Structure formats: C-alpha cells, structure tokens
Amino acid sequence: MNHEPVRITEHAIVRYLERAMGFNIEAVREHIAGICSAAAAAGAVCVRSEGLRFEISNNTVTTIVPDRQNPSLTGRARSQRAIERNSP
C-alpha cells in the first residue's frame, strides 16, 4: 500500500472549480485579459490592479501575486460583479 499523500495538479483544481463548484473559468480568463491586454501589447512585464500584480512574459500572463499596495475594495467588488455577470 502506498502511504504517500496524493498529489493534485493545478489542472485538476481548475477543473474541480469549474465543474463541481460552477466557476466560469472563461469569464475569469476574459476578465484578466481585459486587465492586461493593453499593457501586454505595449510590452509591459506586469500590471498592478485589484491589489494584485499580473506578471506578463511573451504576451502571456504567467502568474498573479499579491501586490505590495493595499487593494482597492471598490475595484475588487466591481471586478467580482463583472465576473458574476458573465457566469451562466
């Protein structure tokens, strides 16, 4: 019997969020693209928005980390509403 803990891939987590919890992953993807597209087209390597830092490499958002600045609760709430509007 194998006593190692089971590993769970990021892909599996995303699919669980999408299928079991009803998250609209495409709406989230579109939301992030809306935040980052113009800056990425201009060659930016990051975008700071919603209290987060969106890291960009080769026109691809590669990770999102907390920003050093305090997040705007108004901006975060507005973004959450936009994502919820795009959900089924």
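**A hairpin and a helix residue**

Visitor: Which residue in β2 stands opposite R48?
Guide: This is a predicted model, in which local features need pLDDT of at least 70, side-chain atom pairs count only at pLDDT 80 or more, and totals for chains, interfaces and linings use all residues. Residues are numbered from 1 along each chain as its sequence is written, and side-chain values use heavy atoms, without hydrogens or water. The residue in β2 that stands opposite R48 is R53.

Visitor: How many bridges join β1 to β2?
Guide: Strand β1 covers residues 46-49 and strand β2 covers residues 52-57 (strands are DSSP runs of E, at least two residues, numbered from the N terminus). The two strands run antiparallel, and strands pair if DSSP finds at least two bridges between them. For β1 and β2, the number of bridges is 4.

Visitor: Which residue in the turn of the hairpin has a positive phi?
Guide: The hairpin is formed by β1 and β2, with 2 residues between the strands. In the turn, a positive phi of about 55° belongs to E50.

Visitor: Is R15 buried, partly exposed or exposed?
Guide: R15 lies in helix α1, residues 10-19 (helices are DSSP runs of H or I, at least four residues). Its relative accessible area is 26%, where under 20% is buried and over 50% exposed, with a 1.4 Å probe and protein chains only. R15 is therefore partly exposed.

Visitor: What distance separates the C-alpha atoms of R15 and I25?
Guide: Along the chain, R15 and I25 are 10 residues apart.
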